[in-house]
Amino acid sequence: MRINRIKRKMKNGETVFGIMIKEARNSNIAEILEIAGFDYFVIDMEHAYYDMSDITEILQFARKTEITSVVRIPRLDYAYVAKTLDMGAEGIWVPHLDTPQQAKDLARFGKYPPEGIRGAAVPVFRQKERQEFKEAADYFRAVNDETLLIAQIEGREAIGNVEAITAVPGIDVAMMGTQDLSLDMGYPGQGTHPEVRAAIQKVVDACKKNGKASGNHIANIDELRRWIAQGMRMITYSYETNLIIEKGREALKLLKA
């Protein structure tokens, strides 16, 4: 049975580091990011052009490596949650999750009965895992245990509900959407504004209270280090395209000097 390594690490109080991808389509991007040292990657279906056929090859290739795959789906919808998991995702990241009921729906959609309502499909690439279990119930229970569910907190409504959201069984991580939060709070692009930081701190505190992990997805390394010090454990740095641009500029600067 494949173990969700980042879920295990966060439960043990460890910090995990990942990156979001928005342009790469070749399946070996998973191995490239693993070689680079990332614990996980996130496929961005909310803002990028990926469809199910694009992500399936990447997700199933990733399962042959040790890197963990997560997908940010376009919106909270049973079809997106269940189908993406069936395609091989180990984690589901839902944008604009604002209410406790939405958190409950995410948990229902992402878990097999009795914890949820996910349909009992066993894709071909999981047949070997299924055969490890004599009883079907034990297999579905194990899959539930390894499935990572992430609520993205990126609006004032979500901040007001964050304690109730993070208290929902099955929700593992509250992930900040700092850019959208700053926009919603009236401070567009000001992720370090004192009021925005205070709102983010509420998420960190709620997660600590409810035994969940908190995280952030931004490109500011100093700010990420600040939130690691505050207790965030799921750190998603920038995008793969930004890494290429940053490293290219750095190399050219050195060469031209």
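Helices here are DSSP runs of H or I with at least four residues, strands are runs of E with at least two, and both are numbered from the N terminus. This is a predicted model, where local features need pLDDT of at least 70 and side-chain atom pairs count only at pLDDT 80 or more, while totals for chains, interfaces and linings use all residues. Residues are numbered from 1 along each chain as its sequence is written, and side-chain values use heavy atoms, with hydrogens and water left out.

Back to our lysine. Lys 9 has a relative accessible area of 28%, so it is partly exposed; buried is under 20%, exposed is over 50%, and partly exposed lies in between, with a 1.4 Å probe and protein chains only. Leaving aside residues up to four places away in sequence, Lys 9 touches Glu 14, Val 16 and Asp 39, where contact means heavy atoms within 4.5 Å. Along the chain, Lys 9 and Met 234 are 225 residues apart, yet their C-alpha atoms are separated by 9.9 Å.

Now the strands. What order do the eight strands of the closed barrel follow? They run β1-β2-β3-β4-β5-β6-β7-β8, with parallel pairing; strands pair if DSSP finds at least two bridges between them. From one strand to the next, the twist averages 25°. As a close-up, β5 (residues 148-153) and β6 (residues 173-176) pair in the parallel sense over four bridges, and Ile 150 has Val 173 as its bridge partner in β6.

Helices lie on these strands too. Helix α11 (residues 194-210) lies across β5, β6 and β7 (213-218), and runs at about 170° to β6. Helix α12 (residues 221-230) packs on the sheet and touches β1 (16-21), β7 and β8 (234-239), with its direction at about 170° to that of β8. For all these angles, axes are lines fitted to C-alpha atoms, for helices over the stretch in contact, and angles run from 0 to 180 degrees between N-to-C directions.

How do α11 and α12 pack with each other? Their axes are 11 Å apart, at an angle of about 35°, and the crossing is right-handed. From α11 come Arg 197, Ile 200, Gln 201, Val 204 and Lys 208, and from α12 Glu 223, Arg 226, Trp 227 and Gln 230. By class, this contact has three nonpolar, two polar and four charged residues. Nonpolar covers Ala, Val, Leu, Ile, Met, Phe, Trp, Tyr, Cys and Pro; charged covers Asp, Glu, Lys and Arg; the others, Gly among them, are polar.

Most residues other than glycine have a negative phi, and most peptide bonds are trans. His 96, in the loop between β4 (91-94) and α5, has a positive phi of about 50°. At 38% relative accessibility, His 96 is partly exposed. Ser 238, in strand β8, also has a positive phi, near 50°. Is Ser 238 buried or exposed? At 2% relative accessibility, Ser 238 counts as buried. And a cis peptide bond joins Pro 113 and Pro 114, with omega about 10°; Pro 114 is in the loop between α5 and α6 (127-131).

Notes: A crossing is left-handed if the near helix is turned anticlockwise from the far one by less than a right angle, and right-handed if clockwise.
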